[in-house]
Amino acid sequence: MENYERKLEMLLGDTYYKILDETDILEKAKLLVDSIFAGVKDKSGEPYVNHLYSVSEGCKSNKTKVIGLLHDVIEDTILNYVDLLILGFSKEIALDVQLLTKTPFVDYTEYINKILNSNNRDVLEVKYQDMLNNSSEERLVNLPEKIQKRLRKKYEIINSIKDKIKELEKDDWY
């Protein structure tokens with residue numbers, strides 16, 4: 001574990017200790033994404049953390065808000081599942097973030113099917129909010145037309161995510 005901790009300390013600086021000391025899991029996630037995505041811009045030139053906060057704000061529970069903030073941490077940074085555990089996130093949250101991580105050699109349809117077949121309500125909620133934010137006209141309008149068209153096509157699957165969530169919610173009532 002010492003190498004992991006040293007890596008995190010070097011990467012996060014003083015924020016590493018603030019994250020370790022923070023007891024509120026949502027605040028812990030905010031500290032992490034604010035630090036690890038500092039200065040990072042999205043395709044339209046906006047701060048990338050805006051997307052993470054938008055996804056989180058669309059989620060219902062405190063747990064899904066945390067997962068929403070962290071959903072791109074493994075995919076888009078050098079952090080991994082073990083790093084999230086060392087930083088004090090639960091195994092369940094770290095596993096959910098890992099499930100939301102698209103790996104480079106996995107086809108997008110296969111990735112979405114993995115999420116759909118997981119029947120993991122929290123992961124589905126976060127992925128739905130992620131896709132909703134990524135496909136919003138507010139974000140798309142700032143992109144070149146070719147990219148807008150590609151992303152609209154990519155996010156057509158959003159209704160499958162929504163339907164799966166409804167199916168799972170219906171099962172909860174019976």
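Biologist: Taking buried as under 20% relative accessible area, exposed as over 50% and partly exposed as in between (1.4 Å probe, protein chains only), which residues of helix 2 are buried?

Modeller: In helix 2, which spans residues 14-21, the buried residues are Thr15, Tyr16 and Ile19; helices here are DSSP runs of H or I with at least four residues, numbered from the N terminus. This is a predicted model, in which local features need pLDDT of at least 70 and side-chain atom pairs count only at pLDDT 80 or more, while totals for chains, interfaces and linings use all residues. Residues are numbered from 1 along each chain as its sequence is written, and side-chain values use heavy atoms, without hydrogens or water.

Biologist: Back to helix 2, then: why do the buried ones count as being on the same side?

Modeller: Thr15, Tyr16 and Ile19 cover an arc of only 110 degrees around the axis, so they sit on the same side of helix 2, the arc being that of the directions from the helix axis to the C-beta atoms. On the other side of helix 2, Asp14 and Asp21 are exposed.

Biologist: And what covers the buried residues of helix 2?

Modeller: The cover includes helix 1 (2-12), helix 3 (25-36) and helix 7 (81-86), judged by contact, meaning heavy atoms within 4.5 Å.

Biologist: Switching topic, where is histidine 71, and is it buried or exposed?

Modeller: Histidine 71 lies in the loop between helix 5 (62-70) and helix 6 (73-76), and it counts as buried because its relative accessibility is 2%.

Biologist: What does its side chain have a polar contact with?

Modeller: The side chain of histidine 71 makes a polar contact of 3.3 Å with the side chain of histidine 51, where such a contact is a pair of N or O atoms within 3.5 Å, one able to donate a hydrogen and the other to accept it, with residues adjacent in sequence counting only if both atoms are side-chain atoms. A polar atom of the histidine 71 side chain also lies 2.6 Å from the backbone oxygen of glycine 68. Leaving aside neighbours within four places in sequence, the contacts of histidine 71 include Val55, Val97, Leu100 and Asp130.

Biologist: How many aromatic pairs are there?

Modeller: The whole structure has three, counting Phe, Tyr and Trp (six-membered ring) centres within 6.5 Å, with planes under 30 degrees apart as stacked, over 60 as edge-to-face and the rest as tilted. One of them joins tyrosine 108 and tyrosine 111, whose ring centres are 5.8 Å apart and whose planes stand at 50 degrees, so the pair is tilted.

Biologist: How do those two sit in helix 9?

Modeller: Tyrosine 108 and tyrosine 111 are three residues apart in helix 9 (residues 108-118), and therefore separated by about one helical turn. Tyrosine 108 is buried at 18% relative accessibility, and tyrosine 111 is buried at 2%.
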